[in-house]
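Let's take a friendly walk through a protein model, looking at what sits inside it. Have the structure open as you read.

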Amino acid sequence: MRAEAQNNVDKIEKSLELLRQRLDWDTAPHRLEEFNARVEDPNLWDDPEAAQKLMRERQMLVDAMETYTSIKQDLSDNIEMIELGDMEDDQEVVDDAESALKALTEKAAKKELEALLDGEADSNDTFLEINSGAGGTESCDWASMLARMYVRWAEAHGYDVELQSESAGEEAGIKSAAYKISGHNAYGWLKSESGVHRLVRISPFDSAAKRHTSFTSVKVYPVVDDNIEIEVNPSDIRIDTYRSSGAGGQHVNTTDSAVRITHAPTGIVVTSSEKSQHQNRDIAMKALKSRLYQMELDKRSALVNEVHENAGDAGWGNQIRSYVLQPYQMVKDLRTSYETSDTKGVLDGDLDGLMAATLAQQVSGKSRADAQTLD
């Protein structure tokens, strides 16, 4: 076996070992039997929320077991094909199997990262907020580009995307937008996107075709699970209703159905304007609880603290990533130094490489911190 292929085999085996450990493979079949027995209970759906939680947990275990088994089988099959090709001096068979191993290495690495998303809220749905920085129309347009980027990324990964609120820019783009993104590990993947994103380009709004720099902040919060108790004192909040409209004058509410909740002790303000007043109130309260929960996570996790300390004012000194469209093409994450020249792909939602690099760095930092704690 050639060196590159052997290197890929070693990487896949390492990923498989981590997946096996995270899954606790020796007890997994027994746990699945227990889930199956509980699913067959005729009284299961007497409590729909508990039943749905159970079904999600069971499916997560099934998916993890199938992933481990599939990667392990594919590895064995391709090693066997390489050995067979070598025996029969069939280089085409060897080349095909080695190409398959390369693809399998990338798949295993991604699944390894997903397995490391074991934070308290990593598996939860997430709220994602986008706010344009100083710069008027330029920043509002940049905010709308980022909104499109994240929606495309989420939809490409099978996540459900729901617009919670949106404030249109005066000439173009958006001043702000809030989304709920639902699906397994939505928060775990997107939490690394919290921070200020910087765009450098020739402005389409400048008749002199000068280069402009724009800033937009992105903040990500986990949707609080129903079994996590977050108490909000009614005397600490102010609830306002108002009339709102979306970008381009669409989604105009003819009544004051939009809701804004202000939490006095922390200064947190959350809004929802896309549903009825009753629904908006419920959505905004959930968003507030998520923000408060995120604050608690920040206190307990130096890792998340580090990420969110970067999510300050949208301007110089706080940026986590630069998107340069002129005079050259490059997207660079300032935390990991990961960069790519495929700016179009990134803005069309191809964020996996950037996210994976940040997650890998965070996991490495967390491992070092854990080791220091043990010492």
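Which residues have the most contacts inside the largest nonpolar core? This is a predicted model, and in it they are Leu128, Ile130, Tyr150, Leu288 and Tyr323, within a core of 52 residues. Helix H5 gives the largest share of this core, 10 residues. Domain 2 (126-226 + 317-364) and domain 3 (234-304) both supply residues to the core, so it lies between them.

Leaving aside residues up to four places away in sequence, Tyr323 touches several partners, including Trp142, Leu146 and Met149. Other contacts of Tyr323 include His197, Arg198, Leu199 and Val200, and Val346 and Leu347 are also among them.

Now turn to H5 itself, which covers residues 137-156. At 1.5 Å a residue, its 20 residues should span 28 Å, and the end C-alpha atoms are 29 Å apart, which agrees. Is H5 mostly covered or mostly open? It is mostly covered, with 15 of its 20 residues buried. Just after the helix, Gly158 takes a positive phi of about 80°.

Another stretch to look at comes from a record: an unreviewed UniProt entry lists residues 87-114 as "coiled-coil region". In the model, that span is 89% helix and 0% strand.

Here are the two end-to-end distances side by side:

| Stretch | Distance between end C-alpha atoms |
|---|---|
| H5 (residues 137-156) | 29 Å |
| Residues 87-114 | 37 Å |

Finally, back to the cores. Apart from the 52-residue core lies another core, of 25 residues, among them Val9, Phe35, Leu44 and Val62.

Terms used:
Residues numbered from 1 in each chain as written. Predicted model: local features only at pLDDT ≥ 70, side-chain atom pairs only at ≥ 80, totals over all residues. Heavy atoms only, no water. Helix = DSSP H or I, 4+ residues; strand = E, 2+ residues; numbered from the N terminus. Expected span 1.5 Å × (residues − 1). Buried < 20%, exposed > 50% of the residue type's maximum accessible area, 1.4 Å probe, protein only. UniProt positions renumbered as here; feature names shortened; annotations may be inferred. Core = buried A, V, L, I, M, F, W, Y, C linked by side-chain atoms within 4.5 Å. Domains from an automatic or database assignment. Contact = heavy atoms within 4.5 Å.
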